[in-house]
There are 2 protein chains.
Amino acid sequence: MGREGEHWALFGEWNATLANLGGAAALLGWDRETAMPRGGAESRAAQMGTLSALLHRELVRPDAGGAIEELAANADLDAESRAMLWWAKRERDRAVRIPEGLVRELSEARSRAVSAWSEARPKGDVASYVLGLRPVVALRRRYAEAIGGDGELYDALLDEYEPGARIATVEPLLNKLADRIRPLVEPAADASPDPLPAATWPPEAQVALARELAEMVGFDLDRGAVAQSAHPFTTAFGDGDVRFTTRVDEANPVSNIRAVLHEAGHALYEQGLPSRYAQTPLHDAPSLGAHESQSLFWENHVGGTDGFWTFLAPALERHFPEAMRRVSAGTIAAAARRVRPSLIRVEADEVTYNLHIVLRFRLELAMMRGELGVEDLPEAFDDGLEGLLGVRAPRPADGVMQDVHWPEGLIGYFPTYTLGHLYAAQLGRAAHAELGSISDAARSGSLAEVLAFLRERVHSFGRLQRTDELMRQATGVDLGPDAFVEHLRARYLPG
Amino acid sequence: MGREGEHWALFGEWNATLANLGGAAALLGWDRETAMPRGGAESRAAQMGTLSALLHRELVRPDAGGAIEELAANADLDAESRAMLWWAKRERDRAVRIPEGLVRELSEARSRAVSAWSEARPKGDVASYVLGLRPVVALRRRYAEAIGGDGELYDALLDEYEPGARIATVEPLLNKLADRIRPLVEPAADASPDPLPAATWPPEAQVALARELAEMVGFDLDRGAVAQSAHPFTTAFGDGDVRFTTRVDEANPVSNIRAVLHEAGHALYEQGLPSRYAQTPLHDAPSLGAHESQSLFWENHVGGTDGFWTFLAPALERHFPEAMRRVSAGTIAAAARRVRPSLIRVEADEVTYNLHIVLRFRLELAMMRGELGVEDLPEAFDDGLEGLLGVRAPRPADGVMQDVHWPEGLIGYFPTYTLGHLYAAQLGRAAHAELGSISDAARSGSLAEVLAFLRERVHSFGRLQRTDELMRQATGVDLGPDAFVEHLRARYLPG
């Protein structure tokens, strides 16, 4: 084996160790949300702390840095090798700048803040929430300082979740989007159908439907699993093991169905990544915005169509014979399209959702700029929501305490949801151009061709391109609000 | 902080890291058996390999060895500190002798052998089983050679599971036990009650009963959980998170009930370890034999009594109203005491069970001595079973391929089951002397006092003593077959 061969071998072994440690760490998180008894919280936090420290230690291994540098110096590399080295260097360079002590401190502060949040939330105890959050914000500022870069502190965090994104582009985009959405809210609400009539949707039947729906959209249960948790999420432990959760509301079947479509969208992306990229930096999405484009494509651009509900009707009648005697699939579809300014982001409709994100972006940016103290955050949150949506939280739990993101240290993460909405709408338009009406495809049960479109345009590339290149290639256009706003107008405004 | 303080701090941090990595590794195993989709096998094996390598690397850290040595040199240590250092030194010294390459090789060979076993077993493909097992046996021999010691290779493996045990004591004990059990088999079988009449025991009701029974014996579900798997097992992820699995046979409720009592026995031991020992080497049982004494105490010395079944009757009637119209709790209790020489160890009755162990002990000892080749193992197994129990496997899957232990590398492990039987019987006698009839205690629902007895005599010590000291102190006698053989005579022989 020549010198270059040795470097590639070291690089491969290093990537495999990182993937294995990452998979183990992901399982600690999955189990915490799906199976862990209450008493396991403390030891779980300690286990997660140890694994993040070991991951960090492995990431900064000097010999890996040397190998990357020497390999990248070769001018004749193919595109895959070049992309692998680019992502590896990016991750490693960021990690090298963060001292292991800060990694541990942040991990512990996050665990404590999340515990404080989950205890404080049901009691509406904003003071305890603030107390837990303050060190997390301070440590995320230190973290961003350590990473440095040419922009503001917030840019360093944004770039973690959405490589290449900067305040300079995201802020004007979000402001423009807010300006175009706000005038739609009232007419969309006025044109809204009635909510779903009362009925009971047994939880066991909803769980059975969740598995069936997952398979209907192409999720492979031999290489994945579906479970339940308080907040739906998706995680991948390796090429052949991708899992997601859903949640079940006995009074309403839509929450589960939307959650399954959303999470299956993430999970289909993970299952569609090329197996040959397993255990390399290319076995992932190039950004969270790209990932979210897939979940929102399935949730809104498939699940929001009449055709989808026609297609789902037989399964609904089979699983809910009782409730479906009083409700039709069409009524559920209509109720699922109801628009109302509301307090809770995760329950918001497609029209108002991104205004919730605009608020969070503005607040987290102000915190990172030092313009907003954590103690002033709860009121700023309530004021901001009122300004954007005209509603005000009656209880603190429904305001700033509704999200776990900030206690989790996820600052700079929220805007990726909006980028996902915009990309999903652009992909929806491209899919329509390629396949004709998605609603018709769904109605005739031809979801396999929708999946094949996404596989071909998005999943099969892994991280070979950055998000902007990948999406330009997939949709033919640059990132912007037009497709999304037109989609809202077409779906929610009266004819 | 003085020099000694620094050593204790390093020692504590090292133990915590080992406990956290061990907990994460245990979760990878738990999830594999309870939740993982088929497609996850390959990445799971790789994750487990990485974690064992990191655990090994942490275990052999030179600074930890130095700290242990200097701390142990202090003549004024209290008993707890002395025991902590003794266990830590023991684990570390063993690990230091095993090269990391051998750890990895063994981990990979085990994964492959277990995969080969699980594919070969349903097909009865003994050749593939042998092919997978051969490298595991060879690597376990290299492993035992690396550990060295003053005895035979097998002693080094036996000592891993049962610290202090040696061929020189275990072999005569097992031979004597076999000689005393064999004459009991025929009369016990002749005196056996009828098997259970046919009925259906719905799986969901059995799972609900499993949780209820776990709580009835004192298992704390806030600090633990119950799941299902093909083979029942117990695992602990930390002080507040102990879980076990059961299995459910729709045609017979006894399999689940025995499994719950057995695994809850292990789990109660783990939940009863002192919290102040968490993340130290004392937070464990001193041996597998000691651990098994607890599972077998609950399974046989509580679960085998008439009083227990009287106590359980109302729950059985509530969960199985249909089946219990045709069967009484007394009939189930009697059927559960049925004795028959049979092929499958895990389904064997209490009288014949240890003859299965004697066979495995003799075979694995012969393999480690180089007197029996892996290719000759399947026939030697069938011949041995016929010699000891008078039955011969009609299909290879029912012979040597029934156990996963050897493909898993667990050579030297089987005898601990028998030690558990002997200790459990000795504890049963001591409990009777202290509390009166266990059957009466169970009948009156006074299982809390049985648990309190085990907590006081066994659980609360953790690893403060070695097994022989702990059990002598708990039972007043040395390890021997008398209590067990008398228990068999009393329960299974006519009047």
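Which residue forms a salt bridge with B:Arg57? The partner is B:Glu100, and the closest N and O atoms of the two are 3.0 Å apart. B:Arg57 lies in helix H2 (residues 41-59) of chain B and B:Glu100 in helix H5 (residues 100-123) of chain B, so this contact ties together parts that are 43 residues apart in sequence. Please keep in mind while reading that this is a predicted model.

**Salt bridges**

Over all chains, the count comes to 84 salt bridges. Chain A has one between A:Arg57 and A:Glu100, with the closest N and O atoms 3.0 Å apart. Here A:Arg57 belongs to helix H2 (residues 41-59) of chain A and A:Glu100 to helix H5 (residues 100-123) of chain A, so parts 43 residues apart in sequence are tied together.

| Residue | Relative accessible area | Class |
|---|---|---|
| A:Arg57 | 40% | partly exposed |
| A:Glu100 | 26% | partly exposed |
| B:Arg57 | 40% | partly exposed |
| B:Glu100 | 25% | partly exposed |
| B:Arg443 | 38% | partly exposed |
| B:Asp440 | 44% | partly exposed |

Salt bridges can also share partners, and in chain A they join A:Arg90, A:Glu91, A:Arg94, A:Arg140, A:Asp159, A:Glu160 and A:Arg166 into one network.

**Aromatic rings**

Now for the rings. The whole structure holds 30 aromatic pairs over all chains. One of them is edge-to-face, formed by B:Tyr353 and B:Tyr417, with 6.4 Å from centre to centre and 85° between the planes. This pair links distant parts of the chain: B:Tyr353 sits in helix H14 (residues 353-368) of chain B and B:Tyr417 in helix H16 (residues 415-435) of chain B, 64 residues apart. B:Tyr353 counts as buried because its relative accessibility is 10%, under the 20% cut-off. B:Tyr417 is buried too, with a relative accessible area of 12%.

In chain A, one aromatic cluster is made up of A:Tyr161, A:Tyr353, A:Trp406, A:Tyr413, A:Phe414 and A:Tyr417.

**Charges over rings**

Arginine and aromatic side chains meet as well. A:Arg466 places its charged end over the ring of A:Trp86, 3.6 Å from the ring centre. In chain B, the charged end of B:Arg360 sits over the ring of B:Phe414, at 5.5 Å from its centre.

Note on methods
Residues numbered from 1 in each chain as written. Chains lettered and ligands numbered in written order. Predicted model: local features only at pLDDT ≥ 70, side-chain atom pairs only at ≥ 80, totals over all residues. Heavy atoms only, no water. Phe/Tyr/Trp six-rings, centres within 6.5 Å; stacked < 30°, edge-to-face > 60°. Helix = DSSP H or I, 4+ residues; strand = E, 2+ residues; numbered from the N terminus. Buried < 20%, exposed > 50% of the residue type's maximum accessible area, 1.4 Å probe, protein only. Lys NZ or Arg CZ within 6 Å of the ring centre and 35° of its normal. Salt bridge = Lys/Arg side-chain N within 4 Å of Asp/Glu carboxyl O.
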